[in-house]
2 protein chains.
Amino acid sequence: MLFFIGLGLHGAKGIPLIGLDIAKKAEKVYLDVYTSPITKDEIDSLKDLIGNEIVRVGRDFIEDGLEIINQAKQKDVALIASGDPMVATTHLDLRLRAEKYGIKTHVIHNSSILCALPGETGLHAYNFGKTVTLMKSGLTPSSTVYEVIHENLIRGLHTIILLEYDYSTGFFLKPNEALKSLLNMERDFRQGIFDDETFVIVTSRIGSNSQLLHGGKIGSLIDKDYSEPPHAIIVPGKLHFTEIDALKTLLKIDEDQITDNSSKVKSLAVSMVKRYAMNTRKALSKAREKSEAEKKNFDDLFENIECYISDAERFLNMGKFELAILSIGYAEGLLDSLRFIKELEIEW
Amino acid sequence: MLFFIGLGLHGAKGIPLIGLDIAKKAEKVYLDVYTSPITKDEIDSLKDLIGNEIVRVGRDFIEDGLEIINQAKQKDVALIASGDPMVATTHLDLRLRAEKYGIKTHVIHNSSILCALPGETGLHAYNFGKTVTLMKSGLTPSSTVYEVIHENLIRGLHTIILLEYDYSTGFFLKPNEALKSLLNMERDFRQGIFDDETFVIVTSRIGSNSQLLHGGKIGSLIDKDYSEPPHAIIVPGKLHFTEIDALKTLLKIDEDQITDNSSKVKSLAVSMVKRYAMNTRKALSKAREKSEAEKKNFDDLFENIECYISDAERFLNMGKFELAILSIGYAEGLLDSLRFIKELEIEW
């Protein structure tokens with residue numbers, strides 16, 4: 001049988017009793033030292049607690065997995081990992097392969113940074129959208145990172161950005177480099193998400209004794225040194241007043257530093273319809289003057305154009321963005337047609 | 001000082017060693033018995049483990065919180081709760097009030113169902129969108145539940161639906177009633193999300209020894225008895241092939257039962273643009289014939305209409321939905337204008 005035991009976020013003593021019992025009885029105990037950092041001292045404490053030999057294993061060993069699988073066919077094997085063991089896809093993959101060989105598997109879950117962050121910031125777990133990882137190496141295209149944050153913000157949701165950390169080389173993406181990279185993305189994608197005034201939270205070493213949370217405008221956080229990993233950045237969306245209260249209390253942030261990133265990032269639809277409605281109204285008014293001067297009668301058409309502009313605005317207020325855009329496009333087309341058939345030269 | 005200690009999902013022995021140490025040393029230990037179920041046996045085991053008196057407390061006591069806060073001013077108090085202690089807003093609220101009184105607080109995190117579900121199903125943690133709770137009592141409007149699932153599906157994301165559970169009365173929303181309620185929502189909101197063929201996963205008692213996961217079409221799951229709570233339902237979105245593999249292996253589902261709910265729920269924009277493009281093309285072709293018959297020359301206009309229909313389709317393929325809708329609306333307006341100014345009677 002193959003057991004996966006989560007260490008959670010609180011070091012060696014984060015191990016649940018049930019996991020400790022399994023590890024004590026297991027005939028072979030492995031410790032994953034590559035998906036998350038673990039100090040020599042923590043490993044020693046863990047050995048003392050378990051009183052069993054612990055074999056430290058890295059990425060290759062787990063990805064290959066054959067030795068673990070072969071042993072688990074005969075005896076009880078435990079693989080201990082930081083956080084929740086199933087958040088890492090290599091562990092899930094190993095589990096699936098074992099199950100396919102008919103080996104029973106059992107998971108002792110524990111906390112991961114993804115679950116602990118809402119609690120530590122006071123942001124509601126329900127208000128988080130999809131999570132993204134920011135890699136320095138460009139493995140996740142910045143368009144994906146930006147798009148996920150944008151879509152979350154439009155829906156009023158918070159985004160957790162995990163920062164790249166390569167345990168084998170010790171490389172980690174520093175939060176201030178990550179913030180710079182977010183500002184660079186803004187230059188490329190221009191949806192108005194990030195500038196120096198954007199409110200973000202930088203979290204460091206969540207669950208450890210040196211845990212730190214810094215909340216504030218990007219401009220005030222971009223030059224700080226956040227020391228050792230792991231780090232994550234949160235881009236909050238729409239904030240409930242209880243969330244604002246929690247941020248003030250737990251992160252000691254002044255209320256004037258906390259801004260609503262969602263309201264700033266209006267959806268493309270909203271800004272589009274507002275702009276087009278204004279322009280079409282202006283052009284319609286000029287068209288009316290011109291047709292009067294040229295003694296042409298397009299009253300029926302003009303009335304329809306006016307109705308469709310109003311429809312667009314009504315749909316926008318109802319949150320029916322697609323119908324709003326369709327209506328304003330239609331109104332514009334009705335008017336522009338006169339130009340194409342050379343009935344009226346309208347200036348836009 | 002006030003400590004919050006998570007029990008996680010694995011019963012009394014799910015307590016992390018660090019939490020056990022704190023509870024042993026604390027001068028007062030409370031156990032929250034209302035945000036999550038805990039059996040008499042589990043409470044007895046916990047007492048044995050901690051060797052300290054444990055006071056069971058319910059909702060009113062924690063919401064009031066004054067006794068805990070007053071004690072924590074003088075001495076170390078521990079509040080033990082199932083799952084991750086900070087997922088419940090009453091605990092977060094208590095923590096904030098304590099901090100405002102200058103009382104230091106410390107959280108020992110643990111797993112919650114929200115973190116464990118990706119691991120137990122093999123669905124990737126990154127592919128989950130916003131979570132919703134389904135209440136029988138109608139406290140969450142079904143339009144909200146439906147809208148969250150719809151928006152997640154359009155983005156290809158999975159949704160966890162937590163089912164109402166009132167620990168004080170023992171009431172819980174049964175998964176089959178929840179599935180019926182989803183089908184009812186479909187009747188009201190008609191975006192094509194739910195029917196008997198929709199693929200969902202019903203999860204029961206995750207982390208306990210009687211944990212069960214059932215995956216399949218709603219039609220085949222709606223009459224089952226899922227026994228004791230807690231339950232949750234997952235509505236998967238777009239599935240990666242490794243996720244399909246995991247579902248087959250861990251949940252023993254036949255591949256033909258697994259369908260992509262996201263592809264079924266095309267966004268309104270996609271279906272709208274496709275339909276309008278087809279209709280506008282048809283009307284344009286009739287308009288061409290008619291203008292030829294009536295010896296009128298609208299070639300310039302017709303060419304523009306054609307271009308804008310193509311533009312709409314091109315934007316659609318690029319995922320630029322707003323621009324696609326705007327273009328098709330514009331094309332339609334260009335053509336319809338001829339009708340309003342009585343230059344050409346076009347049939348649509």
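Trainee: How many of the nine residues in helix α6 (residues 113-121) of chain B are buried?

Mentor: This is a predicted model, in which local features need pLDDT of at least 70 and side-chain atom pairs count only at pLDDT 80 or more, while totals for chains, interfaces and linings use all residues, and side-chain values use heavy atoms, with hydrogens and water left out. Residues are numbered from 1 along each chain as its sequence is written, and chains are lettered from A and ligands numbered from 1 in the order in which they are written. Helices (H or I, at least four residues) and strands (E, at least two) are DSSP runs numbered from the N terminus, and buried means under 20% relative accessible area, exposed over 50% and partly exposed in between (1.4 Å probe, protein chains only). Helix α6 of chain B is mostly covered, and its count of buried residues is eight.

Trainee: Which residue follows α6(B)?

Mentor: The buried residues of the helix include B:Ile113 and B:Leu117, as well as B:Glu120 and B:Thr121. After α6(B) comes a residue whose phi is positive, near 85°, and this residue is B:Gly122.

Trainee: Is A:Thr105 buried or exposed?

Mentor: A:Thr105 has its place in strand β5 (residues 105-108) of chain A. Because its relative accessibility is 9%, A:Thr105 counts as buried.

Trainee: Which side chain is joined to that of A:Thr105 by a polar contact of 2.6 Å?

Mentor: A polar contact is a pair of N or O atoms within 3.5 Å; within protein, one must be able to donate a hydrogen and the other to accept it, and residues adjacent in sequence count only if both atoms are side-chain atoms. One such contact, at 3.0 Å, links the side chain of A:Thr105 with that of A:Arg95. The contact of 2.6 Å joins the side chain of A:Thr105 to that of A:Glu99.

Trainee: How many residues apart in sequence are the parts that A:Lys264 and A:Asp195 tie together?

Mentor: A salt bridge is a side-chain nitrogen of Lys or Arg within 4 Å of a carboxyl oxygen of Asp or Glu, and the structure holds 34 of them over all chains. In one of these, the side chains of A:Lys264 and A:Asp195 meet at 3.6 Å, N to O. A:Lys264 lies in helix α11 (residues 261-264) and A:Asp195 in the loop between α8 (175-189) and β10 (199-204), all in chain A, so the number of residues separating the tied parts is 69.
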